[in-house]
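Thanks for asking me to look this one over. My notes are below as numbered points, to be read with the structure open beside you.

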Amino acid sequence: MGIVKCCREQVVAVSPDTPAVEVARIMGEKNVGSVVVVTGDNRPTGILTDRDLAVRVMAQEKNPGEVRASDILTRDVITFQDSMGIYEAIQKMTNEGIRRMPIVDDVGRLIGIVTMDDIVRMLGEEMAAIAKNIEKQSPPMQEAGAPIPM
């Protein structure tokens, strides 16, 4: 199964020159904990999280109206190709210690994002479907304490 199956296509993205205060406002309005910072041709240049805002702006007492997204983003953003398999993505996320992964097409343009939460939710749904199938094909369960027929 490809990673694109569980990615969110509605990605919240901002330009590098977006003020930190506007990034925070957008995160609040969209109810997200991160935004992807993209160039004019929609290529990810970094990712900016609510934690980045807290640690790199608020904790350092910087003016959030003057600080730009490009000043505080995490630059070494790891992107995944839309054709990457789900298990390969999980392994890469684990190895890199990341929770959010922008998904790009073959030429590097942003087409979606997947989070660890999305993957856990999707795997949970798959496990529930498997359990339902097993239950359908299994004999009925005995009540606790009922004698076992011979």
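**Notes on helices, sheets and confidence**

1. Let me start with the contact between helix 4 and helix 5. On the helix 4 side the residues are I86, Y87, I90 and M93, and they meet M116, I119, M122 and L123 of helix 5. Sorted by class, this contact holds eight nonpolar residues, with no polar and no charged ones. Please keep in mind that this is a predicted model.

2. Now for the geometry of that pair. Helix 4 covers residues 86–96, and its axis and that of helix 5 come within 12 Å, crossing at roughly 140 degrees. Roughly antiparallel would need an angle over 145 degrees, and helix 4 and helix 5 are therefore oblique to each other. The crossing of helix 4 past helix 5 is left-handed.

3. Spanning residues 116–137, helix 5 lies across strand 5 and strand 6, and it runs at about 70 degrees to strand 6.

4. Those strands belong to an open sheet of three strands, ordered 4-5-6, with mixed pairing. Its edges are strand 4 (80–81) and strand 6 (110–115), each of which pairs on one side only. Strand 5, residues 100–104, pairs with strand 6 in the antiparallel sense over five bridges.

5. Strand 1 pairs with strand 2 (residues 34–38) in the parallel sense, over two bridges. Here A13 is the residue that stands opposite V36 in strand 2.

6. Next, helix 1 and helix 2. How do they pack, and at what angle? Helix 2 takes in residues 50–58, and the two helices pack at an angle of about 150 degrees with their axes 10 Å apart. That angle makes helix 1 roughly antiparallel to helix 2. Their crossing is left-handed.

7. Which residues of helix 1 and helix 2 meet? From helix 1 come A20, V23, A24 and M27, while helix 2 brings D50, L53 and V57. The residues of this contact divide into six nonpolar, no polar and one charged.

8. Finally, a word on confidence. The protein chain has a mean pLDDT of 87, and 87% of its residues reach 70 or more. Within the chain, confidence is highest in helix 1 (residues 20–30), at 97, and lowest in helix 5, at a mean of 85.

Technical notes: Residues are numbered from 1 along each chain as its sequence is written. This is a predicted model: local features need pLDDT of at least 70, side-chain atom pairs count only at pLDDT 80 or more; totals for chains, interfaces and linings use all residues. Side-chain values use heavy atoms; hydrogens and water are left out. Two strands pair if DSSP finds at least two bridges between them. Helices (H or I, at least four residues) and strands (E, at least two) are DSSP runs, numbered from the N terminus. Contact means heavy atoms within 4.5 Å. Axes are lines fitted to C-alpha atoms, for helices over the stretch in contact, and angles run from 0 to 180 degrees between N-to-C directions. pLDDT is the predictor's confidence in each residue, from 0 to 100. Angles under 35 degrees count as roughly parallel, over 145 as roughly antiparallel, 65 to 115 as roughly perpendicular and the rest as oblique. A crossing is left-handed if the near helix is turned anticlockwise from the far one by less than a right angle, and right-handed if clockwise. Ala, Val, Leu, Ile, Met, Phe, Trp, Tyr, Cys and Pro count as nonpolar, Asp, Glu, Lys and Arg as charged, and the others, Gly among them, as polar.
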